[in-house]
Structure formats: C-alpha cells, structure tokens
Amino acid sequence: MTTQRENFRAELRAGWEEQQAVHEPDRELRFRLMLDYVEQLSGTPQRVLDLACGPGSITRRVLDRFPAASVVAVDIDPVLLDLARDAFAGDARVSVISRQLAAADWTDGLAGGGFDAVLTATAMHWFPPDALADVYAGVARLLRPGGIFANADHFPIAEPVLRAAGDRLHEHDLRKAFASGVESCDEWYERAYAEPQYAGLWEERRSLFAHWSGDLLERDGWHIDVLRRNGFERAGTVWRRSNDALIVAVKA
C-alpha cells in the first residue's frame, strides 16, 4: 500500500524532471547521447558512477537502457539523496551514497575495480576551477582504462556576442514557461525543503554547499585541457546547443 510519504516523494521526483526539462532544453537528447557514446566507445557498461546524481535521473536512464548494469549514485544534497534512495529502494543494482565532491577523499572506497563510465549533468558548473580540476582527477582514478566520462553542462560560447544572444534566448524561453505556470528550479527547492519531513535540512544543505560557487563559466576547451592533463587522451565536445554542451572523454 502506497503511503502519503511515498506519494509525496514520487511527486517531488516528477516535479524535478519537469522543471529540469524547462531549464535544460533537449535534456532527453543529452542523456541519450551520453549513453550512445558510452556504448559506442566502450561497449555495454557493467559499472556506472552517477556523479552528483540528484534524485537519480541519469541512474534511471542507465538502468532502462542497460538493465544488467550496476550504478553507484553519489550526491551531497540531503533531500535529493532521500529521493534517490526512495526511488531505488530494494534495487540491488543501485547504491546511493553521500559524498562531498569538494573533499579530497571523495573517491575513497569507490574504485572497486574501476567504473566503465562516469556520467554527470548540470552540476559541475557549481565548482570553482581548482575544485573542479580535483574532481576530474578523481574521476580519472575511478575509471578503468578505456572508460568513459560524459559531462553535460553549461559551457559558454567563446564569442561574446553569440554567447549573450544565447543567454537572452534561454531567458526568453524560461520567462515564457514560468508565465504559463511551470515551476522553476528555485521554486522546486523551496517547496521541497518546506515540507515538515525535511525540517532543518535547509541549513544543513547550505553548510554542505559552502564550497560550491555556482559561477564556473569556463569554455569547453578549458575543461578538455584539464581532462587531458588527467589522463583523458581523447576528449572533445560532441554536442552543443547554444551555451550548453556535452563533453565526452576516454580514459587512457
């Protein structure tokens, strides 16, 4: 019998998918391309790391496409971790783990023979450059040789006028969506953390995210250079829509 709490969590997960699809156009295409490149470059994955997993969006799509895969999903946000754990409760293929990616030891205990793929979306731009370089170094340690790293995120166009035009187009689309009643990401967080069952967790989240700046806007070439310095000999941008892109890298 479904409980009220389970219904609430399911509704929050559905709301997350809806607002993320508004903030990130072509979101499903990005996820599909991630998995396409993993399969094309490295074969059917057996072990996948969902980095900054949120409520488990990438994990769900990995399992739908590769049912025999196992996934380790890591995040630090207490509400998102609760939603992910609830979503995959009883599924032996999924382990949901709390990890502070800003900490030097975030990879401890995760290697376990190496991952076939590390996947992340719309999260790495929260890190300052030095911290993100450390995260990329950790990803390299966790991947097996030939393993794939895929990062779909904000990577602005180098040309300032084109970059600004892309930002304006995106803002126009967001205003139109929000005017029609679509929930924004900020509104989703406010609603989630206002629930009595999550009382007191907002201050915990603020403390946990103290290392995250949310303003990293380095171009994709910067990310590719950092990845190459950390053992990804083949790295490049495989898809772009305005100021968003997908970078794929192969571990040497």
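A residue is called buried when its relative accessible area is under 20%, exposed when it is over 50%, and partly exposed in between (1.4 Å probe, protein chains only). By this criterion, both Trp188 and Tyr189 are buried. The model is predicted, so local features need pLDDT of at least 70 and side-chain atom pairs count only at pLDDT 80 or more, while totals for chains, interfaces and linings use all residues. Residues are numbered from 1 along each chain as its sequence is written, and side-chain values use heavy atoms, with hydrogens and water left out.

Helices (H or I, at least four residues) and strands (E, at least two) are DSSP runs, numbered from the N terminus. Helix 2 comprises 16 residues, 27–42. From its first C-alpha to its last, helix 2 reaches 23 Å, close to the expected 22 Å, where the expected span is 1.5 Å times one less than the number of residues. Its buried residues are Arg27, Arg30, Phe31, Leu33, Met34, Leu35, Val38 and Ser42. The cover over these residues, counted by contact (heavy atoms within 4.5 Å), includes helix 1 (4–23), helix 3 (57–65) and strands 4 (115–121), 5 (143–154), 6 (234–241) and 7 (244–250). Gly43 follows helix 2 and has a positive phi, near 85°.

Strand 2 (residues 70–75) is mostly covered, with five of its six residues buried. Two strands pair if DSSP finds at least two bridges between them. Strand 2 pairs in the parallel sense with strand 1 (residues 47–51) over five bridges, and Asp50 stands opposite Ala73 of strand 2. Between strand 1 and strand 2 the chain passes through helix 3, in a right-handed β-α-β crossover. A crossover is right-handed if, with the strands pointing away from the viewer, the path from the first strand over the helix to the second runs clockwise. Strand 2 also pairs with strand 3 (residues 94–98), in the parallel sense and over five bridges. Here Val74 has Ile97 of strand 3 as its bridge partner. Strand 2, helix 4 (residues 78–87) and strand 3 form a right-handed β-α-β unit.

Rings of Phe, Tyr and Trp (its six-membered ring) pair if their centres lie within 6.5 Å; planes under 30 degrees apart count as stacked, over 60 as edge-to-face and the rest as tilted. The structure holds eight aromatic pairs. One of them, Phe8 with Tyr198, is tilted, at 6.2 Å centre to centre and 45° between the planes. Phe8 belongs to helix 1 and Tyr198 to the loop between helix 7 (185–193) and helix 8 (201–208), so this pair ties together parts that are 190 residues apart in sequence. Phe8 counts as buried at 14% relative accessibility, and Tyr198 is buried at 3%. The ring centres of Trp188 and Tyr189 are 5.2 Å apart and the planes stand at 90°, so this pair is edge-to-face. Trp188 and Tyr189 also belong to one aromatic cluster together with Trp16, Tyr193 and Trp202.

A charge sits over a ring if NZ of Lys or CZ of Arg is within 6 Å of the ring centre and within 35 degrees of the ring normal. Arg205 lies over the face of Tyr189, 4.5 Å from the ring centre. The charged end of Arg205 also sits over the ring of Phe209, at 4.3 Å from its centre.

Ala194 is placed in the loop between helix 7 and helix 8. Ala194 is exposed, with a relative accessible area of 60%. Its C-alpha atom is separated by 40 Å from that of Val161, 33 residues apart along the chain.
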